[in-house]
Structure formats: C-alpha cells, structure tokens
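Subject: Structure handover

Dear colleague,

I am passing on the structure we spoke about, and below it I have set out what was found in it. Please read the notes with the coordinates open beside you.

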Amino acid sequence: MQPADVQHLDRLARRVDQLGPVAVVDPLAGNLLGGGQAAGLGDPSRWAVTRLSGYEDISFYGGGSGAYVPNSVGVEYIPPGGGGPDLFWQHPTWAGYPVTPGMVVTWWTPGLLTSGAALSQLRIEWYRTDGGLISTDTTTTPGAPMVRTVPSGAAYARPAVRFAAEGVWLLGESILALGDVSAALLAGARPIGEGTPAYSITRYSHVASEGDGAHRDIGLELVEVTAP
C-alpha cells in the first residue's frame with residue numbers, strides 16, 4: 001500500500017483520532033441499505049419520520065409484527081403549503097450511510113412508486129463525521145433515480161422521501177447505491193440490501209513489502225459491532 005493509505009489505516013487501527021467503530025464501504029456493493037430495510041420489511045425503527053403535526057406524521061403498519069413482514073406507510077398529515085412530511089432511512093449506528101467526498105451515489109424508491117405513493121421529492125441529507133448537517137439535495141422527479149456527488153466534508157448520506165398527500169402505501173424496495181446505476185434501475189434491476197455495518201478492528205499487523213520497504217502489507221481483523 002502507498003504510505004498515505006498505510007498511515008490512514010494505522011490511525012484507525014490504533015484509535016489515534018477516536019475510538020470508533022469504523023465504516024467499511026465495499027466498492028462493489030449494489031445497495032448500501034440493510035437487507036430488510038431495502039426490502040421494506042420488519043422493524044419500523046429502521047426508518048424515521050417528521051413530527052410537523054406535533055405527533056408522528058407517518059405511521060407504519062405490518063412490519064412491527066415480524067422481521068419478514070412487509071411495511072405499509074400511512075401518511076396522516078400534510079402541512080399547509082406542503083413541505084413534508086418526510087420519511088428517512090436510518091443507519092443503525094451513524095447519522096447516515098458512510099460515504100466519501102467526490103463519490104457518486106444513486107437513491108431511489110421504486111417500491112413506493114409501484115404502490116402509487118404520492119411522492120413530491122427524493123432527498124439526501126449530507127452529514128459530517130460529528131453528525132452535523134452540511135446540506136440537503138433534492139429532486140422533484142421521484143419517478144427517476146436521484147444521482148448526486150457527495151459534497152466536500154460529508155461522511156454520511158441520509159436518504160429520504162417527501163410525500164404530497166395523505167394515504168397508505170406499501171413501502172417495498174429502495175436502493176442507495178454507489179455510482180450512477182440509474183439506467184440499470186430503470187431497466188428493472190433491484191439489488192438486494194447488503195448493509196454497511198459498523199466494525200471494530202480487533203487485530204492489526206503491518207510489515208514492509210519486499211524491495212525498498214517504501215510500501216507495506218497491512219492485515220486487519222474486523223468484528224461487526226451490533227451493540228454499543
């Protein structure tokens with residue numbers, strides 16, 4: 001590995017800057033969302049909703065009764081003049097799904113479209129490593145995938161949709177993918193959720209590569225963090 005990459009991994013492994021956990025993003029991952037979340041199944045805590053009415057503006061039906069039960073979302077309040085309500089896809093550990101500046105991501109909710117949901121926007125919120133909100137990107141054409149470049153300073157992406165009318169719709173499939181995969185999604189591709197879990201580095205080794213020693217071979221052992 002190049003010296004700069006070695007130094008980055010060394011700081012992570014020795015917890016120089018913070019305790020962790022660490023994020024590992026597979027560049028070949030087809031869908032960064034969790035498996036059940038990408039399919040619209042199970043625990044409603046995988047999603048968050050706005051409270052513009054003073055209560056939860058969106059209710060979940062079905063998924064709370066079992067891990068493999070489909071969720072329907074009931075939109076119960078539309079504020080005067082629009083502006084919501086919003087449904088957010090939650091990461092179990094961080095403010096959003098791990099990304100790096102300059103990376104291209106694609107966000108889409110074909111399941112809600114198939115159900116006929118009254119969507120007015122697709123949205124992505126960008127957050128810093130400390131959880132602070134940087135900015136929000138939107139599109140008012142939810143019938144097509146949203147493709148955006150991760151802005152400077154962003155470490156997490158939090159995808160969402162905005163509704164335009166009250167109603168109940170099956171949540172179904174959703175995709176947050178690396179790169180511009182809009183053509184494949186419009187052609188019918190529906191990659192399963194692979195997840196971006198948090199990891200702890202439990203074993204670390206590095207040795208100089210053969211030759212002049214300018215490069216190093218790194219060994220890391222990762223264990224998924226499933227609880228605080």
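Two strands are said to pair if DSSP finds at least two bridges between them. In this predicted model, β7 and β10 meet that condition, since they pair in the antiparallel sense over four bridges. Within this pairing, tryptophan 107 stands opposite methionine 146 in β10.

The two strands belong to an open sheet of three strands, ordered β10-β7-β13, in which the pairing is antiparallel. Because β10 (146-149) and β13 (175-178) each have a single partner strand, they stand at the edges, and one side of each is left without a neighbour in the sheet. From one strand to the next, the twist averages 20 degrees.

Turning to the aromatic side chains, the structure holds four aromatic pairs, and I describe two here. In the pair made by tryptophan 89 and tryptophan 107, the ring centres are 4.9 Å apart and the planes stand at 75 degrees, so the arrangement is edge-to-face, given that an angle over 60 degrees counts as such. Since tryptophan 89 lies in strand β5 (residues 86-89) and tryptophan 107 in strand β7 (residues 104-108), the pair ties together parts that are 18 residues apart in sequence. Both tryptophan 89 and tryptophan 107 are buried.

The other pair joins tryptophan 94 and tyrosine 156, whose ring centres are 5.9 Å apart and whose planes are at 15 degrees, so this pair is stacked. It links distant parts of the chain, with tryptophan 94 in the loop between β5 and β6 (97-98) and tyrosine 156 in strand β11 (residues 156-163), 62 residues apart. Tryptophan 94 counts as buried at 14% relative accessibility, and tyrosine 156 is buried as well, with a relative accessible area of 11%.

A charge also sits over a ring: the charged end of arginine 158 is placed over the ring of phenylalanine 88, 4.0 Å from its centre.

Finally, two backbone details may be of interest when you set up the model. The peptide bond from glycine 84 to proline 85 is cis, with omega near 5 degrees, and proline 85 lies in the loop between β4 (72-75) and β5. Arginine 15, although it is not a glycine, has a positive phi of about 55 degrees; its place is in the loop between α1 (3-13) and β1 (22-23), and with a relative accessible area of 33% arginine 15 is partly exposed.

Notes: Residues are numbered from 1 along each chain as its sequence is written. This is a predicted model: local features need pLDDT of at least 70, side-chain atom pairs count only at pLDDT 80 or more; totals for chains, interfaces and linings use all residues. Side-chain values use heavy atoms; hydrogens and water are left out. Rings of Phe, Tyr and Trp (its six-membered ring) pair if their centres lie within 6.5 Å; planes under 30 degrees apart count as stacked, over 60 as edge-to-face and the rest as tilted. Buried means under 20% relative accessible area, exposed over 50%, partly exposed in between (1.4 Å probe, protein chains only). A charge sits over a ring if NZ of Lys or CZ of Arg is within 6 Å of the ring centre and within 35 degrees of the ring normal. Axes are lines fitted to C-alpha atoms, for helices over the stretch in contact, and angles run from 0 to 180 degrees between N-to-C directions.
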